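Thanks, everyone, for making the time this morning. Let me put the chain on the screen, and then I will talk you through it.

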Amino acid sequence: MGYADAVRERDPHHVELHRERHVEYRDPSEFDRIAFAMRALDRLRPKRMTVAVYPALAALRVERGQNLQRGEGGSWAIVGIPPHASREHIAYALAELAGVESVPYAVQSLLAADTNAEA
């Protein structure tokens, strides 16, 4: 018996609507995705957070936790960036991680700043 079955047995009102879905756009363009992520993090400057970025194989992955050495509210994050991730996907994940108030605006700002940096 799986977890969902066990919960359903205890609570008949519990209904599993969908399992985790993962939709990801595959961007065929060539650019240094790790460098883009580092530039984005430099602009976002997540407060009291240590972030490590690494090249992932399959999917964009974000893990995070508390960093007690940084005091109250300190945290860490590890971001895996696959070779097919789009700029938009990377920017969205990092803006969300940094806790910005308006993720769509932050994404557009990061994309615009990176376009200007390449010119």
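I will begin with the chain as a whole and then turn to one of its helices.

Please keep in mind throughout that this is a predicted model. The chain holds four helices and three strands, and, read from the N terminus, these elements follow one another in the order α-α-β-β-β-α-α. Of its 119 residues, 34% count as buried, while the accessible surface comes to about 8500 Å², with 53% of that area belonging to carbon and sulfur atoms. If we take the contacts with a separation of 6 or more, 61% of them are between residues 24 or more positions apart.

Now to helix α2, which covers residues 33-44.

Which residues of α2 are buried? They are Arg33, Phe36, Ala37, Ala40, Leu41 and Leu44, and, when one looks down the axis of the helix, these buried residues fall within an arc of 135 degrees, which means that they line one face of α2.

At the start of α2, a side-chain oxygen of Asp32 comes to within 3.2 Å of the backbone nitrogen of Ile34, whereas after the helix comes Arg45, with a positive phi near 45 degrees.

How values were computed
Residues numbered from 1 in each chain as written. Predicted model: local features only at pLDDT ≥ 70, side-chain atom pairs only at ≥ 80, totals over all residues. Heavy atoms only, no water. Helix = DSSP H or I, 4+ residues; strand = E, 2+ residues; numbered from the N terminus. Expected span 1.5 Å × (residues − 1). Buried < 20%, exposed > 50% of the residue type's maximum accessible area, 1.4 Å probe, protein only. Arc of directions from axis to C-beta. Polar contact = N/O pair within 3.5 Å; in protein donor to acceptor, adjacent residues only side chain to side chain. Contact = heavy atoms within 4.5 Å. Areas by Shrake-Rupley, 256 points an atom, 1.4 Å probe, with all protein chains shown as cover.
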